[in-house]
Amino acid sequence: MSGLTDTDLHHLRRCVELAGLALAEGDEPFGSVLVGGDGQVLFEDHNRVKGGDATRHPELAIAQWAAAQLSPGARAAATVYTSGEHCAMCAAAHGWAELGRIVYVVAGARLAELREQWGLAPSPVAALPITAVAPRVPVEGPVPQLAGEVEAMYERCFGPQ
Ligand SMILES: [Zn+2]
């Protein structure tokens, strides 16, 4: 992506690291970071679905944390970085929380394509782009220079064993 700064890439690398932590803990490899308008990291999380609650996505946790902790102005000024594009649930939560920009590494449509290649059933939720769910959110991605690492984790988690 052309519009990305070194700071953006730094936060995206942390998302990839969090995705790796999730995978190591038996969760799915997704990680996300919330950064305030002043550049401070406010909150970070990774996927936590291994207990059976498939809604435990980091982007939903971020939207809920932000809604509870930040003023509307602070939410609008914040950026959410994430290793995989928000699903429709998380994009909706982001939109309802009126958070700012999103930067993702790998698109949801790409994960859907990989799942199909690996012979998996489609995800129970449609792989809508963020902009179809929350049209006013500025979105940047995919980020090719980090995508290989994320897709390799997808393959370890979802690919043929
Ligand atoms: Zn999600």
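1. A word on terms before the details: buried means under 20% relative accessible area, exposed means over 50%, and partly exposed lies in between, using a 1.4 Å probe and protein chains only. Helices (H or I, at least four residues) and strands (E, at least two) are DSSP runs, numbered from the N terminus. With that in hand, look at strand β4 (residues 102-106): five of its five residues are buried, so β4 is largely enclosed by the rest of the structure.

2. Keep in mind that this is a predicted model, where local features need pLDDT of at least 70 and side-chain atom pairs count only at pLDDT 80 or more, while totals for chains, interfaces and linings use all residues. Residues are numbered from 1 along each chain as its sequence is written, and side-chain values use heavy atoms, with hydrogens and water left out.

3. Now the sheet around β4. Five strands make an open sheet in the order β2-β1-β3-β4-β5, with mixed pairing; two strands pair if DSSP finds at least two bridges between them. The edges belong to β2 (41-46) and β5 (139-140), each with a single partner strand, so one side of each has no neighbour in the sheet.

4. Strand β1 (residues 31-35) runs antiparallel to β2, joined by five bridges, and Ser-32 sits opposite Asp-45 in β2. Strand β3 (residues 79-84) runs parallel to β4 through four bridges, with Tyr-81 opposite Val-103 in β4.

5. His-10 and Tyr-81 are 71 residues apart in sequence, but their C-alpha atoms are 9.9 Å apart in space. At 52% relative accessibility, His-10 counts as exposed.

6. Over on strand β5 you'll find Glu-140, which is buried at a relative accessible area of 14%. Its side chain makes a polar contact of 2.3 Å with that of Arg-101. (A polar contact is a pair of N or O atoms within 3.5 Å; within protein, one must be able to donate a hydrogen and the other to accept it, and residues adjacent in sequence count only if both atoms are side-chain atoms.)

7. Next, the metal. The zinc ion is coordinated by His-57 (ND1), Cys-87 (SG) and Cys-90 (SG), at 2.1 to 2.3 Å, and these donors follow the spacing H-x29-C-x2-C along the chain. Donors here are N, O and S atoms within 2.8 Å of the metal (3.2 Å for Na, K and Ca); water is not among the atoms, so sites may look incomplete. Cys-87 is partly exposed at 24% relative accessibility, whereas Cys-90 is buried at 0%.

8. Which residues are closest to the centre of the largest pocket? That pocket has a volume of about 750 Å³, and of its 34 lining residues the closest to the centre are His-57, Cys-87, Leu-111, Ser-123 and Val-125. Helix α5 gives the most to the lining, with six residues. For the terms, on a 1 Å grid over the protein atoms alone, a pocket is an open set of points where a 1.4 Å probe fits, with protein on both sides within 12 Å along at least five of seven lines; lining residues have an atom within 4 Å of a point. A volume is the space filled by probe spheres set on the points.
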